[in-house]
Amino acid sequence: MSYKLKRDVTDLIKYAFPNTVKLALFAAVIAWIVGIPAGIISAIKQNTIIDRLFMSVSLFGVSMPVFWGALLLQYVFAYKLKVFPVSGYKTWMHLALPAIVLGWSSAGTIARLTRSSLLEIMQNDFIRTARAKGASESIVVVGHALKNALLPVVTMMAIQISSLLSGAVITESIFSIPGIGRLAVDAISNRDMPLLQGTVLFTTVLIIGGNLVADILYSVIDPRIRCE
């Protein structure tokens, strides 16, 4: 039972968790749509200006603190341009900025991992064999190299979902989204130990579950490591 809210902790988590799920899924979709194509293009255009540009943007996204990115986007797109709401949680427009903040960092990680993995696969013998048989470069990349290069990327994506579900504390606080992260911050501010323990335990289960799903997906995608 929450000391401050006088409500059952499980009920509070049940109310807040769907809001965090929406934010995390929105951010994950942005990360995947941006990160995977950027990594593929960077690998194909290795050492060109496009490659350097994409990798610089991805490095900036990975290195930038979440709170700084959130405040920057709020100032530019909400306060100055008035394209998105500053904060709140009513429509999908309210989720756009926080999802971009969360997805930017994940997109940078996915882009860099996709690029390095694809470049490594492109050096293998079966790629040279496919080219020797007369296959076009697009078929070589998409049909042969990409399928193998995405194995570690899929694993990272599954882990990132659990991290997004449990790690949106700062973003939810800045944008006033009533999710698990906001609930945890309020519990710390109010010294509400039962509520804090409940949120920490719940996020721990999410991380463990995400790692388990990642391992299962890896064995499903890669037949070489399936258990007999």
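## The largest pocket

A pocket is an open set of grid points where a 1.4 Å probe fits, with protein on both sides within 12 Å along at least five of seven lines. This structure is a predicted model. Its largest pocket holds about 190 Å³ of space. The lining is made up of 13 residues. Closest to the pocket centre are Val34, Val57, Ser58, Trp104 and Ala107.

Which helices each supply at least two residues of the lining? They are H1 (9-44), H2 and H4. H4 gives the largest share, six residues. By class, the lining has nine nonpolar and four polar residues.

## How H2 crosses H4

Two of these helices also cross each other. H2 covers residues 49-63, and H4 covers residues 92-121. Their axes come within 7 Å and cross at roughly 135°. Because of that angle, H2 is oblique to H4. The crossing of H2 past H4 is left-handed.

## Where the two helices meet

Which residues of H2 meet H4? They are Asp51, Met55, Val57, Ser58, Leu59, Phe60, Gly61 and Val62. On the H4 side, the contact involves Trp104, Ser105, Gly108, Thr109, Ala111, Arg112 and Arg115. By class, this contact has seven nonpolar, five polar and three charged residues.

Val57 and Ser58 of H2 meet H4, and both are among the residues closest to the centre of the largest pocket. Trp104 of H4 takes part in the helix contact and is also listed among those closest to the pocket centre.

Note on methods: Residues numbered from 1 in each chain as written. Predicted model: local features only at pLDDT ≥ 70, side-chain atom pairs only at ≥ 80, totals over all residues. Heavy atoms only, no water. Axes fitted to C-alpha atoms, helices over the stretch in contact; angles between N-to-C directions. Helix = DSSP H or I, 4+ residues; strand = E, 2+ residues; numbered from the N terminus. Parallel < 35°, antiparallel > 145°, perpendicular 65-115°, else oblique. Left-handed = near helix turned anticlockwise from the far one by under 90°. Contact = heavy atoms within 4.5 Å. Nonpolar A, V, L, I, M, F, W, Y, C, P; charged D, E, K, R; others polar. 1 Å grid on protein atoms, 1.4 Å probe; cavity = no way out; pocket = protein on both sides within 12 Å on 5 of 7 lines; lining within 4 Å. Points joined across faces, edges and corners; volume = space filled by probe spheres on them.
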